[in-house]
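Q: Please take me through this model by its terms. I want each label set against its rule.

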Amino acid sequence: MNKTISFIALMTVLNILSIKGQNNSRELLQKAKNQTNQSYQKMTKNKKSLVVYFSRADENYNVGYIEKGNTEIVAELIAAETSADLFHIEPVTPYPAEYDQCTKVAQKERREKARPEIKGDKKIEDYDVIFMGYPNWWGDMPMPIYTFIERHDWHGKTVIPFCTHEGSGLSQTETYIRRACVGATVYSGLAVRGTDAQKSTPKVKTVVKEWLNK
């Protein structure tokens, strides 16, 4: 009987500690989230901002052939809200227009850690805040994004990711950006479904505005 009582008492204490720990973790996460959200509103004020992004038109999942890429739509919405400059990262060799063929090329590039040559460049040294946008390809950023990142010194920069996807969200891309943009402060990003960007742009505009002004 005493052993049973002791066991029950022990389990009760452990449950209490577990719940307390979970609550503390939630509070810390919420605190961090609030700090990030509060700083978003101030981040671009009186600072020079850039929206740099990779986006692909042609055939896309769930939306067919499109003239403007999903990520480009979101990039333009963010730039409009923040008065930021825009730079479109474009590979010298375009990706295949057909969706299936494009995914195969993207998967091969990711596996080989390719760094496709890109057109032009943008001097990030002239900017304080850089919004970085991309479609989620195979749980990662398209390789041209890495080509751009590796051209620059990111020390002291603020980087805010955003992506388009069809169910994968940001995956681990925020972590990959933190590793790649050495010396930058990388904040939590925004994930938007590509289908919404194409077919429900007014709704996405509202989402972007709320995200930036929380």
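A: The model is a predicted one. The protein has seven helices and eight strands. Buried residues make up 43% of its 214 residues. Among contacts with a separation of 6 or more, 80% join residues 24 or more positions apart.

Q: Why is threonine 158 called buried?
A: Its relative accessible area is 14%. Buried means under 20%. Threonine 158 is therefore buried.

Q: Where is threonine 158, and what does it touch beyond its sequence neighbours?
A: Threonine 158 is in strand 6. Leaving out residues up to four places away in sequence, it touches Met43, Asp128, Val129, Ile130, Thr185 and Tyr187. Contact here means heavy atoms within 4.5 Å.

Q: Why is glycine 139 called partly exposed?
A: Its relative accessibility is 21%. The buried class is under 20%, and the exposed class is over 50%. The value lies in between, so glycine 139 counts as partly exposed.

Q: Where is glycine 139 found, and which residues is it in contact with?
A: Glycine 139 sits in the loop between strand 5 (129–135) and helix 4 (143–149). Neighbours within four places in sequence aside, its contacts are Ser171, Gln172, Thr173 and Tyr176. Glycine 139 and leucine 170 are 31 residues apart in sequence, with 7.6 Å from C-alpha to C-alpha.

Q: What makes the phi of serine 171 worth a remark?
A: Phi of serine 171 is positive, about 50 degrees, although the residue is not a glycine. Serine 171 lies in the loop between strand 6 and helix 5 (173–180). Its relative accessibility is 32%, so it counts as partly exposed.

Q: Which value of phi does asparagine 62 have, and where is the residue found?
A: Phi of asparagine 62 is near 75 degrees, a positive value in a residue other than glycine. Asparagine 62 is in the loop between strand 2 (58–60) and strand 3 (64–66).

Q: Is asparagine 62 exposed or partly exposed?
A: Its relative accessible area is 46%. Exposed means over 50%, and buried means under 20%. Asparagine 62 is therefore partly exposed.

Q: How do you know that the span of helix 7 is close to the expected one?
A: Helix 7 has 13 residues. From its first C-alpha to its last, helix 7 reaches 18 Å. The expected value, at 1.5 Å a residue, is 18 Å.

Q: Why are the buried residues of helix 7 said to be on the same side?
A: The buried residues of helix 7 are Val204, Val208, Trp211 and Leu212. They cover an arc of only 95 degrees around the axis, so they are on the same side of helix 7. An α-helix has 3.6 residues a turn, so residues three or four places apart point the same way.

Q: What makes a space a cavity, and how many are there?
A: A 1.4 Å probe fits in a cavity but cannot get out. By this rule there are two cavities of 30 Å³ or more.

Q: Which residues line the largest cavity?
A: Its volume is about 40 Å³. Ala106, Glu109, Arg110, Trp137, Trp138, Met141, Pro142 and Met143 line it. Helix 3 gives the most to this lining, with three residues. The lining of the largest cavity has six nonpolar, no polar and two charged residues.

Q: Which residues line the second largest cavity?
A: The second largest cavity holds about 30 Å³ of space. Leu77, Ala80, Glu81, Lys205 and Val208 line it. Helix 2 and helix 7 (201–213) each supply at least two of its lining residues. The largest share, three residues, comes from helix 2. By class, the lining of the second largest cavity has three nonpolar, no polar and two charged residues.

Q: What makes a space a pocket instead, and what is the volume of the largest pocket?
A: A pocket is an open set of points. The largest pocket has a volume of about 430 Å³. Of its 22 lining residues, the closest to its centre are Tyr61, Tyr99, Pro135, Asn136 and Trp137.

Q: Which element gives the most to the lining of the largest pocket?
A: Helix 3 does, with four residues. Helix 2 (70–82), helix 3 (99–112) and strand 6 (158–165) each supply at least two. The lining of the largest pocket divides into seven nonpolar, 13 polar and two charged residues.

Conventions: Residues are numbered from 1 along each chain as its sequence is written. This is a predicted model: local features need pLDDT of at least 70, side-chain atom pairs count only at pLDDT 80 or more; totals for chains, interfaces and linings use all residues. Side-chain values use heavy atoms; hydrogens and water are left out. On a 1 Å grid over the protein atoms alone, a cavity is a set of points where a 1.4 Å probe fits but cannot get out, and a pocket is an open set with protein on both sides within 12 Å along at least five of seven lines; lining residues have an atom within 4 Å of a point. Grid points are joined across faces, edges and corners, and a volume is the space filled by probe spheres set on the points. Ala, Val, Leu, Ile, Met, Phe, Trp, Tyr, Cys and Pro count as nonpolar, Asp, Glu, Lys and Arg as charged, and the others, Gly among them, as polar. Buried means under 20% relative accessible area, exposed over 50%, partly exposed in between (1.4 Å probe, protein chains only). The expected span of a helix is 1.5 Å times one less than its number of residues. The arc is that of the directions from the helix axis to the C-beta atoms.
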